[in-house]
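Please find below some notes on the model under review. They are set out as numbered points.

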Amino acid sequence: MPLTSFEIEYAQKVLGRKLTKEELILLEAEWSEHCSYKSTKEHLKKLKTIAPWVLIGPGRDAGAIKLFEDVALVARIESHNHPSAVDPYNGAATGVGGIVRDVLSLGAKPILLVDALYMGSLKTRHSQWLATNIVKGIGDYGNRLGIPTATGLTWFSKSYEKQPLVNVACIGLTKPERILSGKVKPGDPIVLLGNTTGRDGFLGSSFASKPLDEKDIAAIQVGNPFIEKLIIDALLDAFDKNLLSHVKDLGGGGLGTAIVETAAQNKVGVTVYLDKVHLREPDLEPFEILASESQERMIVIPKDSNRLNELFKIFDKYEIEYSIIGHFSSEKRVKMFFKNRSVVDIPVELAVSPPRISRKVSAPVSSFEVPFPTDVDIEKTLISVLSSPRVSLKKAVYEQYDWGVGGRTVLPPGYGDSAVIWLRDGSKRGFAVSVRGNPRYVKLDPFTGAALSLGDAYRRVSAVGAAPLAALDNINSGNPEKPNQHYYTVKMIEGLAYASEILNLPIIGGNVSLYNEDEKGSMIDPVTSIMVIGKIENITKALGVVPVGDSPLVLIGKTEPELGGSEVQEVILGDVYGRPPVFRADTEKKLASFAKKVSEKELAYAAHSVSIGGIAVTVSKMAYWGNVGITLNSLAICECSPFEALFSESQARILYEVKPESLQEFLSLAQSYKLKASVIGHTLRNEKTIRVQHNGKEVIRLDLSKVSESLEALEKTL
Amino acid sequence: MSIYKILLIVSYKASARDPEGETIAHELKSLGYKEVIKVRVGKAFFFDIEAKDKEEASEKIKKIAFETKLHNPNVHDIMVISIV
């Protein structure tokens, strides 16, 4: 997005002269929303980012925590929304490429990919084309790198018909003492590594910071996972030999941004010779070289410039191109030359300090309640809910991903509430990851909506028996210049700040994607994707979602008749109204500690967090996964109508299939945590139906074959 | 109406990268075919289609390709060639 005349005047006043073309391009990239977070910075400060186990908080290319005393976990999440709308295959694929390089930047080995996709109705050819190609793009790139995609979130709504949201995350592992310091000092040479620089993908980051329009079409890059794989292997080799002090991805804003950010973080200056950059087209102009966003490129700074030859030997071995393009300096200026001509000469401080802007917010009119029709057939409703693309099984998505490569995946997609990944270091230790987001709750109340997503992911990580340690957020929202859209951005951040504080869950990184508007300038449904990571001491005790049968089903947590923003509301009424469920932080916390104990003591066969679609969906999926029948007593769930009991989306609930011999111990444990525990039904090995009773009357009797058919509906459309 | 044979070629736009083509060009050079300057890779579709004449046949293919997204106009160029 071009600089405003105010911003240009500001820069020229500071410099006391006109900007060169190259300086203008550099500032345009550096001062874009994508790089500077100028509309959200003041709000993001409210997030809880510190905890004793946090090694690196927000600010670097990725965040890091001490997972165990000797294990550091590095993670990052980022959106690739705008590119994926224009070219779903390459847009999504290069999103994966970028996030993997971010994790490499801290010196970690990337071992897991996670995605959160918000796509269209699948009822139009366009939305089908977008969805198919986004999934294929992520799958192809990830699979070719040999990194598994073992968990994710897939949402469908007509709001994303033409503007999908593609959030991808990567997790890597290293040793705490081996995380790259990121420190550079004057005199250190700058090595540019990887792909040649070309005209493709020119100024992508300012492209990400404005609404899409026809002219953007040239700004698409084609990813090359094979070069990326070579970069990964070469850098892991260089990390092993302790050759590097700093590595940075060339992402949004290209070379200029990566260099300026490194200089600013280290409070040094930088001198770059743009004609030293290895190019794809020999006639590239200097402004193109400094802002090109050609993929698969990184800058690497050697720890010891006397060992450069060792470094280059590694790059030569992997046949990766590189060039020494300049060095850091003590004079705190960004200086760039092209064929002996100075093209950029500005203070580092100016480059990273756009003039302050204040964005206004205005609250929308709150949504009113709309009653359900009185003649709803509960069994038919269940079938409609189970076949809704948001609820039905996502096999069509995750089966295109290689979720098992690397041999670490203990609970793959469809087997647990979160992915459980083994460290594979000779111990039984591992970690659990879940990503959640709910555009419906955000639409009704962005503050609560964002908090609920954090609660949901936190609970899913707990349900498998892990202890939640950190979260990453990806905010997808509208145009910050429009107060009624910016309201959602600010409220979502505030909701996250509240929830992360109260759950004691530091946020170690994130990404904000703004300007997600349709061609008419209307905001598409904003949402925050939250990824929560937890540690697990013994992966063999991780609790999955598959029941064994002939055992009691115990619901932990309280069910209220909360149907605002629910799946059943959208299925029956076509939209959402009222208030989303209440965020019950206190119960969530108790539930997390309780769940960890249940897994440690091995009291249950299966655990499934109650999510969209309520208990009705939770039990249907468990019945499907375990191929078992289920009987339920609706009044044991809630003293309310069976409709409310089954479809309420009250939060802070986990449904357990408890080992019959451990039932008493399980119930006393729940009591000791002051958690409500209700035996709501049983699993049945020899009966293949789901039956729900209310006051002695059978309100649902559904064959498992019908349940399967409904839950597999998505496979026929995608 | 007669039946016409149309060849549709879909490839990345000249301004976009083509990793597959670049890799092949690189390999050919290393195999000794130094005269190879550049390789671009694409996808070919051979159609038999009913139309009034060659021109209409080509137009129909362009329309079908656009509507069914055999190519993404944002990243691909197409060539429509009438063959005998």
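1. A:Met531 touches A:Ile77, A:Val114, A:Ala169, A:Val433, A:Val435, A:Ala457, A:Ala471 and A:Leu472, leaving aside residues up to four places away in sequence. Contact here requires C-beta atoms, placed from the backbone, within 7 Å. The model is a predicted one, in which local features need pLDDT of at least 70, side-chain atom pairs count only at pLDDT 80 or more, and totals for chains, interfaces and linings use all residues. Residues are numbered from 1 along each chain as its sequence is written, while chains are lettered from A and ligands numbered from 1 in the order in which they are written.

2. The largest nonpolar core has 226 residues, and A:Leu73 and A:Met531 touch the most other members. Because domain 1 (5–38 + 80–94 + 120–138 + 157–351) and domain 2 (543–718) of chain A both contribute residues, this core lies between them. Such a core is a set of buried Ala, Val, Leu, Ile, Met, Phe, Trp, Tyr and Cys residues joined through C-beta atoms within 7 Å.

3. The centres of domain 1 and domain 2 of chain A, taken over C-alpha atoms, are separated by 46 Å. The domain bounds come from an automatic or database domain assignment.

4. A:Ala396 is located in helix α15 (residues 395–398) of chain A; helices are DSSP runs (H or I, at least four residues) and strands likewise (E, at least two), numbered from the N terminus. A:Ala396 counts as partly exposed because it has 19 C-beta neighbours inside 10 Å. On this scale, 20 or more other C-beta atoms within 10 Å make a residue buried, 12 or fewer make it exposed, and partly exposed falls in between, with C-beta atoms placed from the backbone.

5. What does A:Ala396 touch, not counting residues up to four places away in sequence? The residues are A:Leu714, A:Glu715 and A:Leu718. A:Glu715 is 319 residues from A:Ala396 in sequence, yet their C-alpha atoms are 5.2 Å apart.

6. Chain B holds an open sheet of three strands in the order β2-β1-β3, with antiparallel pairing. Strands β2 (42–51) and β3 (76–83) of chain B stand at the edges with a single partner strand each, so one side of each has no neighbour in the sheet. Pairing requires at least two DSSP bridges.

7. Strand β1 (residues 2–12) of chain B is joined to β3(B) by eight bridges and to β2(B) by ten bridges. B:Val10 stands opposite B:Ile78 in β3(B), and B:Tyr12 stands opposite B:His76 in β3(B). Towards β2(B), B:Leu8 stands opposite B:Phe45.

Technical notes
Contact = placed C-beta atoms within 7 Å.
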